[in-house]
Amino acid sequence: MPSFRSRPATLKFCCASILLSLTAQLAPAQEPVTVRTPATPLVLHDPYFSVWSFDDELTSGPTRHWTGTRQQMTGLVRVDGKTFRFIGDERDIPVLKQASRAIWPTRTIYDFEGAGIHLTLTFFTPALPQDLDVLSRPVTYVSWDVRSIDGQPHATSLYFDATSQLASNTGDDTVVWGRERVGDMQALRVGTNAQPVLAKSGDNLRIDWGWLYLAVPPQPGVDTAASSYEAREQFAKDGSLPASDDLDMPRAVKHGLPLLAVRFDLGGVGSAPVSRRVLLAYDDIYSIEYLNRRLRAYWRRNGMTTAEMLQKAEADEPSLRQRAEAFDKELVSDLEHEGGSHYAQLATLAYQQTIAAHKLVADVDGTPMLFSKENFSNGCIDTVDVTYPSAPFFLLLNPALLQAQLEPMFAYASLARWRWPFAPHDLGTYPLADGQVYGGGERTEEDQMPVEESGNLIILTNALAHAQNSGDFAQKYWPLLTKWAEYLKAKGLDPENQLSTDDFAGHLPHNTNLSIKAIEALGSYAQLADRLGKKQEAAEYRKLAEQMAAKWNDMALDGDHYKLAFDQPGTWSQKYNLVWDRVLGLHLFSPEIVNTELAFYMKHQNAFGLPLDNRKTYTKLDWIVWTATLSSKQSDFVALTDPLHKYMTESPTRVPLSDWFETTDGRQVGFQARSVVGGVYIKMLADPQMWSKWAGKAR
């Protein structure tokens, strides 16, 4: 067996996985993220159903869509005849003091105290990556636990509403609403009367089709209303809801703010906690258009109706909560074990954001397909150089989800309409995946990313084969992979003037980091060929990659570091693409390159991190973690990633985690709520036993 096939034996992996699992069980329970973050995830599922708090206190501002547009939810509690606010910015209602906020991978938990009570509010989204049925289910459980803290009983009632802003793009959209029985639950729903399903595409958009649901299981003292802003005012005034639903519809969202409301009369609350919950859900009917065919969410693939989905979600709630709590603790424990507490906090915050920048659908034959959106970038769908940085998250937690991203891209690239010898950049503009729109698209080779995307797809296919211990996906698309490898053989060592994934920095010829990607891709192609029994190809491309790596060293060396571009002495850049040399066991480049670069990087960090290169002081969050993972020394990793924790906790820009920011002051430059933050999970892949443990859970 050639030496470059470095995948450890299955038995060794199994034993190591058992040892790691036992270690995790014996370790003390790890802690959630309680430090200040730029924004807090509340209800996150996909690019359209994604609601956040942009403030430290849940009462300091309205809840918002990731784009920043108001998507208001409001929470009130009435204690002994006095009303307090715990969600939203109703300034004329006093605030119940927020005591804490904790973020776990699948839960965000707030605690409030005042008026003699303690209130715990939990947003629970069971985003369990190994269970695609549950992962695709668009349901967040919102729950409350209330108890007295002063030894006295308190007459208490709760109020919660979700407005029609969650089901509309702008305040000018007109909506209708209603109610239905779903088993033994009351279900309120609201949506636009026009229902323009998949009628538009773009970046700064909210959904304006489908239905927002507020489903209420049978519980004591419950009352509901499909109403307007008046319902909120009425509860604040006397603790009641309107006696009947508002029937003045259709109505523009900006006129009266139609909403779905629930009220719980808890009676006299003592020291024993009193609990209530609702299900907040969204049925988008059709989710994605792929090559001119409309696809439904994955949970619908066998004909499940919305009512059946809600009933199943309610029945599963106790077991899902138990599974999610165990998952959260184990994942956070392992993150801390690999990278330390600051790294674990960053990865925890990135968890839901990574998933919610995608939509999981089923193709006509039930095949899962996972489509990303370039949030506040250009709105493209299934962009290859977005899949590339986010891939570590999926390679770790369920490699099938990476395959679900690659499948639609490879199928498209196999069509005669894609005429180029290199890989595509994207599949369209979200949610319409009908063909590349970036750069020259299908029309011209100008403004493409030929080396970038070809290298990305070969590397990711090899990483997928490692994670699945199978070359089946590579075998299916071998002619494509071969075509792209041949292109990189001719064009990869010294790339021509072109864009790379860091396209915001502009065109750059002779890009040394892009050259590394091409070389790692050719080494990956050799590994894949060997896995598939193609020994001659494997040997040929392995030798080629080794020769190119040696030439790279001579061409890029610039004294105490390596250049940004081969023809630009006195320049430097992060060589984050080298990470695959370690993660995939390629070992193409001399370890001295990593040592030299890391020593140089340590001298060029700013307060909030290492700049991307010498041209600007801005950086990319994901690439810093990749760069830090080049080193096997924990001290190097911490030194390079600790400034990211400072950015996470001190950035003056209050938006869902941005991956593009200034290293001098921590301000956002662009991008937010993007999936690429999943790239921080690359550190977990650098430990073969850890990677095997988690990837094995999905098999």
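What follows is a quick chat about helix packing and backbone geometry.

Q: What kind of model is this?
A: This is a predicted model.

Q: Which residues of helix 3 are buried?
A: Ala231, Arg232 and Phe235, in a helix that runs over residues 229-238. Seen down the helix axis, they fall within an arc of 100°, so they line one face.

Q: And which residues are exposed on the other side of helix 3?
A: Glu230 and Lys237.

Q: What do the buried residues of helix 3 pack against?
A: Several strands, including strand 4 (73-79), strand 10 (154-163) and strand 16 (259-269).

Q: What follows helix 3?
A: Glycine 239, with a positive phi near 85°.

Q: New topic. At what angle do helix 10 and helix 11 pack?
A: About 140°, with their axes 10 Å apart. The crossing is left-handed.

Q: Which residues meet there?
A: Among them, Trp478, Leu481 and Leu488 in helix 10, and Leu522, Tyr525 and Leu528 in helix 11. By class, the contact has ten nonpolar, one polar and one charged residues.

Q: Switching to the backbone. Where is the peptide bond cis, with omega near 0°?
A: From methionine 249 to proline 250. Proline 250 sits in the loop between helix 3 and strand 15 (251-252). The bond from tyrosine 430 to proline 431 is also cis, with omega near 5°.

Q: What is phi at phenylalanine 671?
A: Positive, about 65°, although this residue is not a glycine. Most residues other than glycine have a negative phi.

Q: Is phenylalanine 671 buried or exposed?
A: Buried, with a relative accessible area of 9%. The cut-off for buried is under 20%.

Definitions and conventions
Residues are numbered from 1 along each chain as its sequence is written. This is a predicted model: local features need pLDDT of at least 70, side-chain atom pairs count only at pLDDT 80 or more; totals for chains, interfaces and linings use all residues. Side-chain values use heavy atoms; hydrogens and water are left out. Buried means under 20% relative accessible area, exposed over 50%, partly exposed in between (1.4 Å probe, protein chains only). Helices (H or I, at least four residues) and strands (E, at least two) are DSSP runs, numbered from the N terminus. The arc is that of the directions from the helix axis to the C-beta atoms. Contact means heavy atoms within 4.5 Å. Axes are lines fitted to C-alpha atoms, for helices over the stretch in contact, and angles run from 0 to 180 degrees between N-to-C directions. A crossing is left-handed if the near helix is turned anticlockwise from the far one by less than a right angle, and right-handed if clockwise. Ala, Val, Leu, Ile, Met, Phe, Trp, Tyr, Cys and Pro count as nonpolar, Asp, Glu, Lys and Arg as charged, and the others, Gly among them, as polar.
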